[in-house]
Amino acid sequence: ENSIPHPRFCLICNYAEKIMPSLQSRCSVYRFTPIENSKQRDYLLHIIMHEGINVDDDVIDQIVNMSEGDMRKSINVLHSLYMSFEKKRINLEMFYKNACQPLPIEKKMLIDTIKKNSIKEAYHLIDEFLRTKSLSLNDIINIIFTSMFENKKISEQQKAEITIKLARLEQYLAGNINPRIQLGAIICALK
């Protein structure tokens, strides 16, 4: 084998900020825009047709929404569903179970639990929910964030305040601050 005097590498990632700065400084960055939902859906339908996968239409929509424009993620989720439920018709409940995501009704229940219970009661109920659903606190933050922006009853000012609190909490979680304390802080952010 002959060695090349100037080897080149191609790093492909979704989160460039997770690459060490010393490595980033030696790279040329090319950013790609997310793939349109309609194009992702069409390509998934192409795969489904050629592979003979039996899947409900609403599952395809959820895969596309969850992938946020990342075709690789869409294909991986579809593949995971196929491998888990090969001979069955794949429905939304199977999708949520496979993606380790709570059902929409469970997301609503989570928000209601925080709003309607004392901090102590909400803490224990959500802690149990986290363990039974194998969710992380980041998942809870994302659920709250998404639900908040879909709720027309919350004012823009309240949304801004809650977003700032959630962003701070997410930053603390990245710094390995005690997750039990952070769960309490997430609950308090909505009180």
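Guide: Let's start with residue classes: Ala, Val, Leu, Ile, Met, Phe, Trp, Tyr, Cys and Pro count as nonpolar, Asp, Glu, Lys and Arg as charged, and the others, Gly among them, as polar. This is a predicted model, where local features need pLDDT of at least 70, side-chain atom pairs count only at pLDDT 80 or more, and totals for chains, interfaces and linings use all residues. Residues are numbered from 1 along each chain as its sequence is written, and side-chain values use heavy atoms, leaving out hydrogens and water.

Visitor: What volume does the largest pocket have?

Guide: A pocket is an open set of points on a 1 Å grid over the protein atoms alone, where a 1.4 Å probe fits, with protein on both sides within 12 Å along at least five of seven lines; lining residues have an atom within 4 Å of a point. Points are joined across faces, edges and corners, and a volume is the space filled by probe spheres set on them. Here, the largest pocket comes to about 1400 Å³. Its lining has 42 residues, with Ile-141, Asn-142, Ile-143, Phe-145 and Thr-146 closest to the centre.

Visitor: Which element gives the most to that lining?

Guide: Helices are DSSP runs (H or I, at least four residues), numbered from the N terminus. In the largest pocket, α8 gives the most, with 11 residues.

Visitor: And how do the residues lining the second largest pocket divide by class?

Guide: They split into 17 nonpolar, 6 polar and 8 charged. That pocket holds about 1200 Å³ of space, and Tyr-30 and Phe-32 are among the residues nearest its centre.

Notes
Helix = DSSP H or I, 4+ residues; strand = E, 2+ residues; numbered from the N terminus.
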